[in-house]
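Biologist: Got the file open. Can you walk me through it?

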Amino acid sequence: MIIDLTNEQKEIRKAAREFAKGEFDPLKAIELDERHEFPRDLYKKAAELGFIGLNYPEEYGGGGAGILENVLITEAFCQADSGIGLALHLAFLPAKIVQQSGNEDQKRRILPKVASGDYVSAVCFTEANHGSDLTRVDTVAVDKGDRFILNGTKIFTTNASYADFFVVLVQTDPEAPPGKGMATLLLEKEEKFSKNGTMEINEMPGKMGLKMVSTGEISFRDYEVPKENLIGEKGRGLINFLNFVDESRIEIASQSLGIAEGAFLKALSHAREREQFGKPIIDFQGIGFKLARMFGDLMSAKSLIYYAARMYDMGSKQYKTLIPMFTSIVKYHVPEHAKEIIDHTITVFGGYGYFLEQDVERRYRDNRIVEVYEGTVEVQLNNIVRTLKTINLDFLKEMLV
Ligand SMILES: Cc1cc2nc3c(=O)[nH]c(=O)nc-3n(C[C@H](O)[C@H](O)[C@H](O)COP(=O)(O)OP(=O)(O)OC[C@H]3O[C@@H](n4cnc5c(N)ncnc54)[C@H](O)[C@@H]3O)c2cc1C
């Protein structure tokens, strides 16, 4: 095994696999995908069994676990079905920013409802002119003392059309230098959102994959947000965002790991069973070597994620300084290798791999987004280079021993 899991972690993984096996009906998955429908019933059921927000402290409805447990669950769900696995994970992942940077009142208001499956979450960082570079945004929140007035438009918001709350990155000081003068604000549906101003949500159609999940554009016009909905401190919006992605990128990568594992298992079975020229296709070196490499790549991806998640959970001082680099390594390495593994799976399946029925091409489409959201591959490589330029070489040598 890649790293030793505790008995409890093994139990969690087993339970997640059993849940997915029992509940993720392949025909229903195709229907949900075709109808672009979020599986809210499955989200609620998964929450009732404790799979949602397991890493929240118990007082907020969680199980007091770490992100390694979230990784194990997401991996198992995405292995079973890429569309449902992504939808369930993405429904609660954005709430992490409240867990990390919210105050006591915000955590008590939001997290138990997420853990119970009643709330779906969303984060709005990206704008038409600010994607990879979020050191400045055009959505402005004017401070009116007891409230903020928001104006601007966010795009590509996951869960936009059915989220119960949104965390929005705004510019509170448009004159501030890049990275400064920003804030994160909480918009909650239960407050009927705002009494004043408008928030208009429009679906962005025509996505390549991730079809069970809404992706939308959200426009705010003179939209009022009470001051108590400021998450963390004014001026530290970008820091909140960076802290969020440092943790969430590890979990995000486990989506790809699971999707690729599911593809590999299908490829292996098919290659053993399918005969051409009088023998199983795995006996042709071209196919056998492919499977060998796929398995090797899968194991390296799995080791990397588990290692990163465990180190994150341990919060060791040495690791803390390396977290941004580590999460970036995981975030570029795993989806890239997953993409190759799924592509090879299509090769192993021949013409059948090109059809939806084999559940291979959907995995390819679903995995492709993991290279993009929460920072593209290139953004991750930039982060790694930034650390490599300055890291103490003796420290690095010690790490490599
Ligand atoms: C389906 C989907 C769901 C999403 N969900 C959310 C969400 O819930 N919330 C949210 O806020 N955002 C979300 N996003 C937005 C996503 O995070 C951005 O699309 C992503 O960060 C890239 O930004 P961009 O699309 O503006 O591309 P750009 O930043 O314009 O980049 C275009 C290309 O240039 C490259 N590039 C940019 N800068 C550099 C550089 N310095 N060095 C090298 N290459 C560079 C990029 O890697 C990319 O290949 C989602 C996107 C999609 C497609």
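Modeller: Here is a quick tour by topic, and note that this is a predicted model.

Biologist: Fine. Which domains is the protein divided into?

Modeller: Domain 1 covers 7-115, domain 2 covers 121-234 and domain 3 covers 238-400.

Biologist: How many residues does each side bring to the contact between domain 2 and domain 3?

Modeller: Domain 2 puts in 13 residues and domain 3 puts in 10 residues. On the domain 2 side, seven are nonpolar, six are polar and none is charged.

Biologist: And how far apart are the centres of domain 2 and domain 3?

Modeller: Over C-alpha atoms, the centres are 30 Å apart.

Biologist: Switching to the ligand. Which residues come nearest?

Modeller: Phe125, Gly131, Ser132, Thr158 and Thr376, out of 21 residues around the ligand.

Biologist: Which domains does that shell draw on?

Modeller: Domain 2 and domain 3 each give at least three residues to the shell. By element, β1 (121-124), β3 (147-158) and α12 (377-390) each supply at least two.

Biologist: How does the shell divide into nonpolar, polar and charged?

Modeller: Nine residues are nonpolar, nine are polar and three are charged.

Biologist: β3 came up there. Which strands does β3 pair with?

Modeller: One partner is β2 (residues 140-143), antiparallel, over four bridges. Another is β7 (residues 215-226), also antiparallel, over nine bridges.

Biologist: Which residue stands opposite Asp143?

Modeller: Phe148 in β3. Phe148 also has a bridge partner in β7, namely Val225.

Biologist: What about β6 and β7?

Modeller: Strand β6 (residues 198-203) pairs with β7 in the antiparallel sense, over six bridges. There, Met199 stands opposite Phe220.

Biologist: Is Asn159 buried or exposed, and why?

Modeller: Buried, because 24 other C-beta atoms lie within 10 Å.

Biologist: Now the largest nonpolar core. Which residues touch the most other members?

Modeller: Leu185 and Ile305, in a core of 113 residues. Helix α8 (residues 237-273) gives the most to this core, with 13 residues.

Biologist: What is Ile305 in contact with, leaving aside neighbours within four places in sequence?

Modeller: Val71, Ile250, Ala253, Ser254, Leu257, Val330 and Val334.

Biologist: Last one, Leu400. Where is it, and is it buried or exposed?

Modeller: Leu400 is in helix α13 (residues 393-400). Leu400 counts as exposed because it has 6 C-beta neighbours inside 10 Å.

Biologist: How far is Leu400 from Ala95?

Modeller: They are 305 residues apart in sequence and 35 Å apart in space, C-alpha to C-alpha.

Terms used
Residues numbered from 1 in each chain as written. Predicted model: local features only at pLDDT ≥ 70, side-chain atom pairs only at ≥ 80, totals over all residues. Core = buried A, V, L, I, M, F, W, Y, C linked by C-beta atoms within 7 Å. Buried ≥ 20, exposed ≤ 12 C-beta atoms within 10 Å, placed from the backbone. Contact = placed C-beta atoms within 7 Å. Near = placed C-beta within 6 Å. Nonpolar A, V, L, I, M, F, W, Y, C, P; charged D, E, K, R; others polar. Domains from an automatic or database assignment. Pairing = 2+ DSSP bridges.
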